Amino acid sequence: MRLRELVLKNYRNYNELELSFHSDLILFAGLNAQGKTNILESIFTSCTGRSHRTPRDRELIQWGKEEALIRTRVEKQAGISEIAVLLAARDKKKVMINQSPASRLGELMGHLNSVMFSPDDLKLIREGPAERRRFMDMELSQIRPQYFYYLQQYNRVLNHRNNLLKSIQVKPSLAATLPAWDVQLAQTGSYIIQQRKLFQDSLRIIAQEIHHRITNGTEKLDLEYKSSIPFQTNQLEEIQQQFLQVLEERQKEDIERGITGKGCHRDDIVFHINGADVRVFGSQGQKRTTVLSIKFSELEYMRQETGEYPLLLLDDVMSELDYSRQQMLLEYIGKVQTFITLTDPDLIPDLKHKKMQIFKIHSGTALPLESLSF
Ligand SMILES: Nc1ncnc2c1ncn2[C@@H]1O[C@H](COP(=O)(O)OP(=O)(O)O)[C@@H](O)[C@H]1O
Ligand SMILES: [Mg+2]
């Protein structure tokens, strides 16, 4: 897919921005704090309805303004889509797809897909399981709108159940209503677990090959989905049954603690190199390489699942990569439309060989510098 147009109004430090893209490599160059990441963030928000930097829409709206708009025009194999995301300070965000209002945010999913790669992604390895669940959830939501619905539903039910657990502490007779919530939690949760497990199965195969290539065969990368619900077959019925059983077994403890202690909101995906957990035993270099492998794998996985490569958004990562890894990334250009932010394009000379557009970003403005084509 190709992003052809991006329009921003009152988005972060952009009053009004209108950009057209006609090539596969787009560079945003500029000093710090000028608005480079803001552009990539707006593209990402157009894909998922959410910023990769903050869950609070308020922060995306220009200070002192009530509303912000992100509009994109996307070219896909299936045709052209126009997406508008309207963020409001005092209201829920609204989404329009091809000029018709979407009744649910989930309708946005799948129209525009992207993989974002920024220095922050090291969190994927370094931090706790919540970060890795978010990674799986973002990826799966983009390619499977149903996953996004189930996830929303699961979180709602989980919230209800947790509140109920606390109420039961004061009024034990309420425990009679718990099984109805358990069933709903197990129903939605088993689908989420099943999909994450399938995701891990596919990603594992792709990532192993890529990591092998990146490390010249010296490291074997492996991925494992660690669930708090034990299951053997990845059949929905089995996971659901196991889920219910876990909830029943833990009921007393859950009530005492006033919180649901097990379920897919506690699961994790673990990365191993040569058999050891990268998070615990990996060197700084291995952690970086693992993230890079995972990012490449996301591209391939999305293509496998949707038939098209997503957009690739590279925020400030080029200068951190060594030459051979830069080359691997650049190999994708032509197949994958790539948006790169950097301070100085001259630092990466090989970029110049490709047909590209450069925008100079300065204080919330984007000036087209040159359009090299040959
Ligand atoms: N809601 C907002 N309204 C106006 N300006 C904002 C808002 N959020 C961030 N900014 C400004 O955006 C700039 C940072 O943009 P960013 O894209 O992160 O910079 P960089 O070019 O370093 O990637 C800062 O100058 C910051 O003050
Ligand atoms: Mg930045």
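Predicted model: local features only at pLDDT ≥ 70, side-chain atom pairs only at ≥ 80, totals over all residues.
**Exercise 1. Glu 67**

Solution. 
- Step 1: Setting aside neighbours within four places in sequence, the contacts of Glu 67 are Asn 10, Ile 61, Leu 86, Leu 87, Ala 88 and Ala 89.
- Step 2: From Glu 67 to Glu 41 is 26 residues in sequence and 17 Å in space, C-alpha to C-alpha.

**Exercise 2. Two residues with positive phi**

Task: Locate Arg 12 and Asp 316, and give the phi value of Arg 12 and of Asp 316.

Solution. 
- Step 1: Arg 12 sits in the loop between β1 (2–11) and β2 (14–20). Its phi is near 45 degrees, a positive value in a residue other than glycine.
- Step 2: Arg 12 has 19 other C-beta atoms within 10 Å and is therefore partly exposed.
- Step 3: Asp 316 sits in the loop between β12 (311–315) and α10 (323–331). Although Asp 316 is not a glycine, its phi is positive, about 60 degrees.
- Step 4: Asp 316 has 18 C-beta neighbours inside 10 Å, so it counts as partly exposed.

**Exercise 3. Helices α3 and α4**

Task: Describe how helix α3 and helix α4 pack, and name the residues that make the contact.

Solution. 
- Step 1: Two packed helices are described by the angle between their axes and the distance between the axes.
- Step 2: For α3 (residues 129–143) and α4 (residues 145–170), the angle is about 130 degrees and the axes are 5 Å apart.
- Step 3: Angles over 145 degrees count as roughly antiparallel and those from 65 to 115 as roughly perpendicular. The two helices, α3 and α4, are therefore oblique to each other.
- Step 4: On the α3 side the contact is made by Asp 137, Leu 140 and Ser 141, and on the α4 side by Tyr 147, Phe 148 and Leu 151.
- Step 5: By class, these contact residues are 4 nonpolar, 1 polar and 1 charged.

**Exercise 4. The shell around ligand 1**

Task: State how many residues surround ligand 1 and which helix gives the largest share of the shell.

Solution. 
- Step 1: The shell around ligand 1 has 15 residues, the closest being Asn 13, Ala 33, Lys 36, Thr 37 and Asn 38.
- Step 2: Helix α1 (residues 36–48) gives the largest share, 3 residues.
- Step 3: Sorted by class, the shell around ligand 1 holds 4 nonpolar, 8 polar and 3 charged residues.

**Exercise 5. The largest nonpolar core**

Task: Give the number of residues in the largest nonpolar core and the residues with the most contacts inside it.

Solution. 
- Step 1: In soluble globular proteins, nonpolar side chains tend to be buried together.
- Step 2: The largest nonpolar core here has 86 residues, and Leu 27, Tyr 154, Leu 313 and Leu 314 have the most contacts inside it.
- Step 3: The largest share of this core, 10 residues, is from α5.
- Step 4: Apart from neighbours within four places in sequence, Leu 27 is in contact with Ile 340, Leu 342, Pro 345, Leu 351, Met 356, Ile 358 and Phe 359.

**Exercise 6. Lys 262 and Thr 218**

Task: Find the loop that holds Lys 262 and the loop that holds Thr 218, then assign the exposure of Lys 262 and of Thr 218.

Solution. 
- Step 1: Lys 262 is in the loop between α7 and β10 (268–273), and Thr 218 is in the loop between α5 (178–214) and β9 (221–226).
- Step 2: Lys 262 has 19 other C-beta atoms within 10 Å, so it is partly exposed.
- Step 3: Thr 218 has 10 other C-beta atoms within 10 Å, so it is exposed.
- Step 4: Not counting residues up to four places away in sequence, Lys 262 touches Ser 228, Ile 229, Val 246 and Arg 250.

How values were computed. Residues numbered from 1 in each chain as written. Chains lettered and ligands numbered in written order. Helix = DSSP H or I, 4+ residues; strand = E, 2+ residues; numbered from the N terminus. Buried ≥ 20, exposed ≤ 12 C-beta atoms within 10 Å, placed from the backbone. Axes fitted to C-alpha atoms, helices over the stretch in contact; angles between N-to-C directions. Parallel < 35°, antiparallel > 145°, perpendicular 65-115°, else oblique. Contact = placed C-beta atoms within 7 Å. Nonpolar A, V, L, I, M, F, W, Y, C, P; charged D, E, K, R; others polar. Near = placed C-beta within 6 Å. Core = buried A, V, L, I, M, F, W, Y, C linked by C-beta atoms within 7 Å.
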